[in-house]
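Visitor: I am new to this one and would like a short tour. Could we go through it step by step?
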Amino acid sequence: TLLSLLATTMSEPLSNAVEDRAVRVVGNPIATEKGAEITLEFASLVQEKLRCEFLTEDLVRMHLSTKGAFIDNETPAVQVGGLSFPSVRVTCNHDANQIRVSTSKMTVVFDCLPFAVSAFRADGSCVFASYPNQALALRKAGGFAITRRCNSVQDGIYGLGEKFGGLNRLRQGRNYTLWNLDIYDKLAADPFVLDADHPAYDHKGVLFDPLYVSIPFYYHQAGPAGPCGGFFVDNTYRAHVLFGEPCPRPADPEGPT
């Protein structure tokens with residue numbers, strides 16, 4: 001499992017968190033010029049909107065509302081409005097079970113109940129897939145949004161900025177904190193990590209974290225020689241990336257065999 005967690009504050013370890021998980025899609029999708037907008041219902045019956053829009057045929061942006069409203073310029077990191085993108089033909093098809101938003105190169109699939117999200121290339125290969133029944137969750141204590149994705153033990157995760165422990169970040173049980181810190185000191189790092197006693201935070205070895213520059217971008221490679229997908233998380237505050245047990249990615253049931 002690849003779990004990425006975006007935070008506005010840190011108040012308690014993740015293991016103590018009470019998650020409000022997205023459980024289903026409510027109603028029909030609303031087609032937009034570049035994709036679709038769907039309404040999600042969480043376990044607490046809170047509803048939020050999720051916008052899926054293609055900027056190019058293989059570059060998609062997903063945006064979750066806050067209290068039902070979108071903040072279109074949340075950070076200056078993604079300058080969508082100031083860039084000139086070519087016109088993209090996007091189709092949106094849906095039935096009672098799935099919503100499929102597609103271009104000629106990529107399809108994003110939303111399962112309605114239980115809620116899940118995945119993306120596939122035109123050849124049917126998987127770009128990413130959410131972990132079963134844990135695609136998205138909110139946590140009021142600390143202001144977290146949590147997503148979980150599948151990965152294989154043969155996959156590669158590259159990026160996240162200047163991190164110790166090897167080029168491939170994917171190690172089971174490894175936790176990363178995206179928070180710039182320029183001092184090699186456990187006491188300085190402890191306030192920012194999820195669990196200061198976790199073996200992932202080895203302040204005596206080459207796995208010390210956080211340290212130096214953090215960048216919320218990574219490549220996820222399928223297997224030792226498979227295709228890569230790039231992911232940027234538009235979040236300016238502290239974030240955490242944790243690696244757990246592997247979970248196989250699905251193939252697109254409507255893609256080429």
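Visitor: What does the accessible surface of the protein chain come to?
Guide: The accessible surface of the protein chain is about 13100 Å², and 54% of that belongs to carbon and sulfur atoms. Such areas come from the Shrake-Rupley method with a 1.4 Å probe, and for residues only the protein chains shown count as cover. This is a predicted model, where local features need pLDDT of at least 70 and side-chain atom pairs count only at pLDDT 80 or more, while totals for chains, interfaces and linings use all residues. Residues are numbered from 1 along each chain as its sequence is written, and side-chain values use heavy atoms, with hydrogens and water left out.

Visitor: How many helices and strands does the protein chain have?
Guide: The protein chain has one helix and 17 strands. Both are DSSP runs numbered from the N terminus: helices are H or I with at least four residues, strands are E with at least two.

Visitor: And what share of the residues counts as buried?
Guide: Of the 257 residues, 43% count as buried. Buried means under 20% relative accessible area, exposed means over 50%, and partly exposed is in between (1.4 Å probe, protein chains only).

Visitor: Let us pick a residue. Where does T177 lie, and is it buried or exposed?
Guide: T177 lies in strand β14, residues 175-178. With a relative accessible area of 0%, T177 is buried.

Visitor: Which residues does T177 touch?
Guide: Leaving out residues up to four places away in sequence, T177 touches K163, F192, V193, Y201, D209, P210, S214, R238, A239 and H240. A contact means heavy atoms within 4.5 Å. With H240 there is also a polar contact between the two side chains, at 3.3 Å. A polar contact is a pair of N or O atoms within 3.5 Å; within protein, one must be able to donate a hydrogen and the other to accept it, and residues adjacent in sequence count only if both atoms are side-chain atoms.

Visitor: D209 and P210 are both on that list. What kind of peptide bond joins them?
Guide: A cis peptide bond joins D209 and P210, with omega about 5°. P210 lies in the loop between α1 (186-189) and β15. The peptide bond from L113 to P114 is cis as well, with omega near -5°, and P114 is found in the loop between β8 (106-112) and β9 (115-121).

Visitor: What is phi of Y212?
Guide: Phi of Y212 is near 65°, a positive value in a residue other than glycine. Y212 is in the loop between α1 and β15, and at 37% relative accessibility it counts as partly exposed. L160 in strand β13 (residues 156-161) also has a positive phi, about 75°, although it is not a glycine. L160 is buried, at 1% relative accessible area.

Visitor: New topic: how many disulfides does a search of the whole structure find?
Guide: The search finds zero disulfides. A disulfide is taken as a pair of cysteine sulfur atoms within 2.5 Å.
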